[in-house]
Amino acid sequence: MTQQLSTICYLDNGKQLLLLHRNKKENDIHEGKWVSVGGKFEAGETPEACAIREIREETGLIADKLDLLGFITFPDFKHDGQDWYSFVYRVSEFHGELIEDCDEGTLAWVDYQDVMKKPTWEGDYLYLEWILNGSPFFSASFTYDLEGELADHHVTFYE
């Protein structure tokens with residue numbers, strides 16, 4: 001089994017989260033879903049360096065403060081023998097200009113009360129609820145079946 005490290009980064013302006021509607025890439029496993037910005041580690045990167053780089057590349061914004069909220073394991077996510085491991089961040093301090101055109105999809109600020117109405121992965125709804133409700137640090141696992149449905153999940157919260 002191989003491993004893929006990544007970051008999941010929710011930018012928060014105090015009333016909205018910045019979401020990415022994945023509607024531009026061909027053969028995108030996330031196609032049509034509203035997800036966070038973030039992405040895969042490059043060689044030698046720390047989780048924080050990856051998050052900062054991915055935020056800048058996908059949004060044009062510069063993260064000033066990262067709050068690590070949790071860690072998620074996605075066992076054999078694409079059913080290709082590769083587990084995904086993701087560091088989850090909330091970013092409430094940032095500066096710069098939001099870019100108009102992101103290669104991954106369309107960026108949009110979404111009001112807190114509307115975040116859970118956007119189509120996304122079933123597991124994302126669970127951890128988005130934890131994020132929006134200020135739950136303690138979490139370690140979670142989300143297993144998806146071949147049809148992309150959530151088959152199992154586990155979470156541990158740390159006070």
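Modeller: Let's start with exposure: buried means under 20% relative accessible area, exposed means over 50%, and partly exposed is in between, using a 1.4 Å probe and protein chains only. Tyrosine 158, at a relative accessible area of 45%, is therefore partly exposed. Keep in mind that this is a predicted model, where local features need pLDDT of at least 70, side-chain atom pairs count only at pLDDT 80 or more, and totals for chains, interfaces and linings use all residues. Residues are numbered from 1 along each chain as its sequence is written, and side-chain values use heavy atoms, with hydrogens and water left out.

Biologist: How is a pair of aromatic rings described?

Modeller: By the distance of the centres and the angle of the planes. Rings of Phe, Tyr and Trp (its six-membered ring) pair if their centres lie within 6.5 Å; planes under 30 degrees apart are stacked, over 60 edge-to-face, and the rest tilted. Searching the whole structure gives 16 aromatic pairs. In one of them, phenylalanine 77 and tryptophan 84 have ring centres 4.5 Å apart and planes at 45°, so that pair is tilted.

Biologist: Are phenylalanine 77 and tryptophan 84 buried or exposed?

Modeller: Both are buried. They also belong to one aromatic cluster, whose members include Tyr10, Trp121 and Phe157.

Biologist: What about phenylalanine 137 and tyrosine 158?

Modeller: Another tilted pair, 6.4 Å centre to centre with 55° between the planes. Phenylalanine 137 is partly exposed, at 34% relative accessible area.

Biologist: Which charged end sits over the ring of tryptophan 121?

Modeller: For Lys or Arg, the test is NZ or CZ within 6 Å of the ring centre and within 35 degrees of the ring normal. Here it's lysine 33, 4.5 Å from the centre of the tryptophan 121 ring. Likewise, lysine 118 lies over the face of tryptophan 34, at 4.3 Å from the ring centre.
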